[in-house]
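Subject: Structure handover

Hello,

I am passing this structure on to you, with notes on what was found in it. Please read the notes with the structure open beside them.

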Amino acid sequence: MIKSFFNQHGIEFEENASLKNHNTYKIAATCNYLVFPKDEDELIAILKEIKKDNLKYLVLGNGSNIILAKQNYDGIIIKLDHLNEVKYNHHIVTVGAGYSLIKLAVETIERGLSGLEFAAGIPGCVGASTAMNAGAYNSDMATVVKEVRVLTPDLKIKTLTNNDLAYEYRDSFLKKHPEYIVLSTTIELTDGDPEAMHAQIIERRMKRQASQPLNMPSAGSVFRNPEGMYAGELIENLNLKGFSIGGAKVSEKHANFIVNNGNATGEDVIKLINKIQKEVKEKYNVNLKLEQIIIE
């Protein structure tokens with residue numbers, strides 16, 4: 001049994017764990033086990049045991065771009081919070097997968113390093129943000145990632161270059177192949193003026209506060225912008241701002257955000273997504289593509 005394995009090896013875990021504080025929608029789901037490997041070796045040992053027993057598992061970052069579809073994830077959730085080492089070598093920065101992207105952006109700016117200003121408002125972990133090609137303000141992880149150390153499906157450690165990652169808009173080889181696990185990311189930055197960069201992120205923060213529902217649980221933009229269009233504008237033109245299903249509601253502040261009005265389930269969020277997609281398709285003949293990931 002996996003629980004005996006955790007206990008026998010002194011692995012940090014929680015049984016029947018709440019995931020409410022591990023997803024930014026604040027959906028009150030649970031999982032069978034929530035596990036926190038202390039380092040890469042322990043992660044590999046855990047995955048060997050999981051694969052041997054053919055158990056369902058998921059490696060979860062900050063939960064800032066996901067929808068937990070069911071009230072219980074019938075498996076093991078692995079959190080890489082302890083993989084959080086940062087090494088600076090002039091313009092080259094190597095960061096553990098569990099490190100906060102916002103924290104990294106702020107620290108690099110303070111060091112006079114430019115390239116991560118776009119990330120100062122993205123509440124993800126470095127590993128998941130690398131895989132999903134997180135971005136904002138016409139920039140993204142693809143512009144700064146030099147290489148990534150990953151754990152392959154056969155549990156070997158391999159280094160992939162930027163070219164290997166096949167980056168596209170909010171997409172990559174790693175997003176298409178979640179069985180590859182990001183261990184650390186090496187990014188390359190340039191010299192910048194800390195004062196000017198700070199001023200820029202403050203200005204952007206004020207704009208976000210004015211235009212996005214930052215005071216309510218959400219997972220950021222729900223849909224990708226179709227080419228030459230804005231998803232939020234299409235949704236707003238259908239008078240769907242404020243429309244709700246259960247505890248999930250289209251934000252009155254920004255139509256491309258779904259917010260948890262207090263007791264939303266993953267099912268509520270998904271039903272609302274389906275409703276929006278159906279209406280946009282009927283009215284505009286546009287297929288809105290989901291930017292968030294549904295976890296079954």
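Lys 207 forms a salt bridge with Glu 203, with the closest N and O atoms 3.4 Å apart; a salt bridge here is a side-chain nitrogen of Lys or Arg within 4 Å of a carboxyl oxygen of Asp or Glu. This is a predicted model, in which local features need pLDDT of at least 70 and side-chain atom pairs count only at pLDDT 80 or more, while totals for chains, interfaces and linings use all residues. Residues are numbered from 1 along each chain as its sequence is written, and side-chain values use heavy atoms, with hydrogens and water left out.

Lys 207 and Glu 203 are 4 residues apart in helix H6 (residues 194-211), so about one helical turn separates them. Helices (H or I, at least four residues) and strands (E, at least two) are DSSP runs, numbered from the N terminus. Lys 207 counts as exposed at 53% relative accessibility, whereas Glu 203 is partly exposed, with a relative accessible area of 43%. For these classes, buried means under 20% relative accessible area, exposed means over 50%, and partly exposed is in between (1.4 Å probe, protein chains only).

Other salt bridges

By this rule the count comes to 14 salt bridges. Another one joins the side chains of Glu 279 and Lys 275, at 2.5 Å from N to O. Both residues lie in helix H8 (residues 266-284), 4 residues apart, which is about one turn of the helix. Glu 279 is partly exposed, at a relative accessible area of 21%, and Lys 275 also counts as partly exposed, at 27%.

Glu 252 and its surroundings

Where is Glu 252 placed? Glu 252 is in the loop between strand E17 (248-250) and strand E18 (257-260). The side chains of Glu 252 and Lys 249 meet in a salt bridge of 3.2 Å, N to O. The two side chains also make a polar contact at 3.2 Å. A polar contact is a pair of N or O atoms within 3.5 Å; within protein, one must be able to donate a hydrogen and the other to accept it, and residues adjacent in sequence count only if both atoms are side-chain atoms.

Leaving aside residues up to four places away in sequence, Glu 252 touches Lys 241 and Gly 242, where contact means heavy atoms within 4.5 Å. The C-alpha atoms of Glu 252 and Gln 212 are separated by 9.2 Å, and these residues are 40 apart along the chain.

Positive phi values

Asn 16 has a phi near 45 degrees, a positive value in a residue other than glycine. Asn 16 is found in strand E1 (residues 12-18) and counts as exposed, at 59% relative accessibility. His 90 is not a glycine either, and its phi is positive at about 60 degrees. His 90 is found in the loop between E6 and E7 and counts as exposed, at 68% relative accessibility.

Cavity and pocket

Both terms rest on a 1 Å grid over the protein atoms alone: a cavity is a set of points where a 1.4 Å probe fits but cannot get out, and a pocket is an open set with protein on both sides within 12 Å along at least five of seven lines; lining residues have an atom within 4 Å of a point. Grid points are joined across faces, edges and corners, and a volume is the space filled by probe spheres set on the points.

By this rule the count comes to 1 cavity of 30 Å³ or more. The largest cavity has a volume of about 50 Å³. Its lining includes Leu 19, Ala 29, Thr 30, Tyr 73 and Glu 296.

The second largest pocket has a volume of about 210 Å³. It is lined by 15 residues, of which Glu 40, Glu 85, Gly 96, Arg 149 and Ser 184 lie nearest its centre. Strand E6 (86-89), strand E7 (92-96) and strand E13 (181-188) are the elements that give two or more residues to this lining. E7 gives the most, with 3 residues.

Regards
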